[in-house]
Amino acid sequence: MAAEDITKAQQGPKLPQKRYFRQRAHVNIFNDMPLEYPLRPSEQDWSTFYPTYFRSSKDQVDAANKDSQQTKRPISPTTQSADEPSAKRGPAATTDQLPANKDSTAKVEFADIGCGYGGLLVALSPLFPNTLMVGMEIRTKVVDYLQKRIEALREFQHDLVRRSNAGEKQIEWVDVRSKLDQEIAALHEAKAPADKSNEEEEELHDNGETHRLVPGHYENIASMRINCQKYLPNFFEKAQLSKLFILFADPHFKRRKHKARIISATMLAEYAYIMRIGGIIYTITDVKDLHDWNVKHLDAFPLFERIPDAELENDPAIPCVVNSTEEGKKVARNKGEKHLACYRRIEDPAEQ
């Protein structure tokens, strides 16, 4: 091992810094750009995004060669309802049990379109530790930042597991249920997140847990570069997703740019195809005109119905949708308004 690699290993994992990954916010989605995408969802190799859950092609060949020596496949992660977050893992929880199961039957269930720097994914990951989530972003540098951020968080978690197994008593688990209850209570009281004058401290806080263990250890999230308005059905099967997030999307103010908005009659048809019955689309924006546009198109589409605000009060994803994204925090700092609208995928009336 080179001296540089040894020094890096001794220093431990480090989170990437946003200032090295800045990129202009607008990208022309209609331009041709070099993107990798499968011809059909079954051909997508997810092992590079979720190495704990999927075998790579080489691993699958090796496993086939050793199949005669194995009498039983590793057990899959504990299945859990996508609408019920994980409770706190108590002191008796075994911290060496990373979800190392290589279950090739697992599928992505949450998708964040235009995920930006990944605030939503990092917030949702401990709440739904057995649910695979992907953030889709078209900007190259932003995708690179988020993937490095996720890899660093995983390394922090693995280091904490090793230290805990070595007998270090100071290692704690995040109380996910208590944290969620506090966020829901704050949301009901309409409390905005506290302003922070120290940007470095805020960025560190936003980057996820680095000193405490969390359920799932961030193994269930990933980012990928994709033009969703061209290749979304290439990655997801029919009725695969249970949650789809479209948060603080580009408003495309000019009328001639409205065709590029992420919610339109054409795109809603694709969302309806990849979402299962009962799945939810979450939309939020600080632009009233865009909110009205979203509501108009979703109300007019026959396969989605709006969820009443009262029904959303106990949805564990809502506090993350409102407060966890980088854009959401910026709006809160500027004391702006956030317009939320959520819709449920319903059965096709023509097929009932």
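This is a predicted model: local features need pLDDT of at least 70, side-chain atom pairs count only at pLDDT 80 or more; totals for chains, interfaces and linings use all residues.
**Notebook: contacts, rings and backbone angles**

I began with the contacts in the protein between residues at least 6 apart in sequence, and I noted that 87% of them join residues at least 24 apart. I then looked up the secondary structure and found 12 helices and nine strands. Of the 352 residues in the protein, 47% are buried, and the accessible surface comes to about 19100 Å², of which 48% belongs to carbon and sulfur atoms.

**Aromatic rings**

Next I turned to the aromatic pairs, for which the count comes to 10. I looked up F110 and F128, whose rings form an edge-to-face pair with 5.2 Å from centre to centre and 75° between the planes. This pair links distant parts of the chain, since F110 is in strand β1 (residues 108-113) while F128 is in the loop between α3 (119-124) and β2 (132-137), 18 residues apart.

Elsewhere I noted a cluster in which ring pairs link W46, F49, Y50, F54 and F236. I also found that the charged end of R261 sits over the ring of W293, 4.7 Å from its centre.

**Positive phi angles**

Most residues other than glycine have a negative phi, and with that in mind I looked up two residues. Phi of A239 is near 60°, a positive value, and A239 lies in the loop between α7 (228-235) and β6 (241-247). Phi of F248 is near 50°, also positive, and F248 is found in the loop between β6 and α8 (265-274).

Which relative accessible area does each residue have? A239 has 37% and is partly exposed, whereas F248 has 11% and is buried.

**A polar contact**

My last entry concerns E168, which is found in the loop between α4 (140-165) and β3 (172-173). Its side chain is joined to the side chain of R163 by a polar contact of 2.8 Å, and at 29% relative accessibility E168 counts as partly exposed.

Definitions and conventions: Residues are numbered from 1 along each chain as its sequence is written. Side-chain values use heavy atoms; hydrogens and water are left out. Helices (H or I, at least four residues) and strands (E, at least two) are DSSP runs, numbered from the N terminus. Buried means under 20% relative accessible area, exposed over 50%, partly exposed in between (1.4 Å probe, protein chains only). A polar contact is a pair of N or O atoms within 3.5 Å; within protein, one must be able to donate a hydrogen and the other to accept it, and residues adjacent in sequence count only if both atoms are side-chain atoms. Contact means heavy atoms within 4.5 Å. Accessible areas come from the Shrake-Rupley method with a 1.4 Å probe; for residues, only the protein chains shown count as cover. Rings of Phe, Tyr and Trp (its six-membered ring) pair if their centres lie within 6.5 Å; planes under 30 degrees apart count as stacked, over 60 as edge-to-face and the rest as tilted. A charge sits over a ring if NZ of Lys or CZ of Arg is within 6 Å of the ring centre and within 35 degrees of the ring normal.
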